[in-house]
Amino acid sequence: MSQPPVDGRDPRRYHNPGAEGMKPVLPLDLSRIQTVDDLVRAMSQASFGARRLGEAAEVLEAMVKDPECFTVLTLSGAMTVAKMGLVICEMIERGYVNAIISTGALMTHGVVENSGGHHFKCDPYNDDAALYAKGYNRVYDTIEPESNLDQAADLVVQVLSRSDLPPVLSSHFLTRAIGEHICATQPEARGPLTSAYRHGVPIVIPALTDSEMGLDLAVHNHRLRHEGRPALEYNPFIDLEYYTGLTRGAKRLGIFTIGGGVPRNYAQQVGPYFEILGHRMHTPPAQVRFQYGVRICPEPEHLGGLSGCTYREGISWGKFVPPAAGGRYAEVFADATIAWPLIVKAVMERYATKATL
């Protein structure tokens, strides 16, 4: 163990942080903040979660400013029940995203809103057995009445009863058809599926059967078989090839992720898929990597809930461009219902739409 110098002076050789390129953190001065963008920019100059949130807005801004970036929005969690559906609409309508990978439940709850249904506040400590008896499905502190899901199912069945269905269904066909149906029957409706339909943004649901929408398809097929008619066929690999086809031709890729789950990993796996396809088919592999990424999820990586790994880990899988080669990423450990609107609104205040850049 080294001994302190006799004269008591610190033996270290002090360096100048500024001379080494370090930037000082700055006080968040609320007296000088007038807009959400002001706030988020100031947060980027602070520390901890505030800086991560501010940096996430900078990465989203970079995606929006890049005319050759194809951006994928991945969605998990009950974001439409949590009333974040119009945030999705803003991102679609302003050209911030080019494709969406989502859970089926999230899109089903969006159909509920488009069908005129409402969600309701609820004390999360209520008796859940009593809620069930009343037909109230609880999502943390919010209620989804079962009657809403019946109404949404009626709408889905109307789409599934069309005479012009393809021989084999896929989720991106189904979500587009539902969006088209809502737009035709409720022209003023605004929700994720209607905005996506109007702006040509495809929505893929990789785990469709894990949702009310998937169960609606299953029940409809039971009904068809009971009536002596053939059931509708569904093949998720149609979605896989459709989505990978979208990403393959992009100059640069960006990903904006809410939570983890299947949507996140499904979106990110295009790089490994093209690599193993080329390797095992003995053809030149297409190198597809995400250059930009924003993730909002409170889950720490060691619990395994991120599903699809951190961006740093994803580099080892061939999913992301390393920062040294130009990759830009931000990971925000926060509740998406708090961080997501702030990030998107800040960028909205910087730029109206991607098309105007």
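Tutor: Let us begin with the idea of handedness. A crossing of two helices is left-handed if the near helix is turned anticlockwise from the far one by less than a right angle, and right-handed if clockwise. Please keep in mind that the model before us is predicted.

Student: Which hand has the crossing of α1 and α14?

Tutor: The crossing of these two helices, α1 and α14, is left-handed. Residues 36-44 form helix α1 and residues 336-350 form helix α14; they pack with their axes 8 Å apart, at an angle of about 115°.

Student: How are α1 and α14 placed relative to each other, in words?

Tutor: Angles of 65 to 115 degrees count as roughly perpendicular. The two helices, α1 and α14, are therefore roughly perpendicular to each other.

Student: Which residues make the contact between α1 and α14?

Tutor: From α1 come Val36, Asp37, Val40 and Arg41, and from α14 come Leu342, Lys345, Ala346, Glu349 and Arg350. Sorted by kind, the residues of this contact comprise four nonpolar, five charged and no polar ones.

Student: What does Ile178 contact beyond its neighbours within four places in sequence?

Tutor: Its contacts there are Val111, Leu155, Val156, Val159, Leu193 and Met213.

Student: Is Leu174 buried or exposed?

Tutor: A residue is called buried under 20% relative accessible area. Leu174 has 3%, so Leu174 is buried. Leu174 lies in helix α7, residues 171-185. Setting aside residues up to four places away in sequence, Leu174 touches Val159, Leu160, Leu208 and Met213. Its C-alpha atom is 9.5 Å from that of Ile205, a residue 31 places away along the chain.

Student: What is the phi of Phe48, and where does this residue lie?

Tutor: Phi of Phe48 is near 60°, a positive value in a residue other than glycine. Phe48 belongs to helix α2 and is exposed, with a relative accessible area of 74%.

Student: Where is Lys83 found?

Tutor: Lys83 is in the loop between β1 and α3. Its phi is also positive, near 70°, and Lys83 is partly exposed, at 42% relative accessible area.

Methods:
Residues numbered from 1 in each chain as written. Predicted model: local features only at pLDDT ≥ 70, side-chain atom pairs only at ≥ 80, totals over all residues. Heavy atoms only, no water. Contact = heavy atoms within 4.5 Å. Axes fitted to C-alpha atoms, helices over the stretch in contact; angles between N-to-C directions. Helix = DSSP H or I, 4+ residues; strand = E, 2+ residues; numbered from the N terminus. Parallel < 35°, antiparallel > 145°, perpendicular 65-115°, else oblique. Nonpolar A, V, L, I, M, F, W, Y, C, P; charged D, E, K, R; others polar. Buried < 20%, exposed > 50% of the residue type's maximum accessible area, 1.4 Å probe, protein only.
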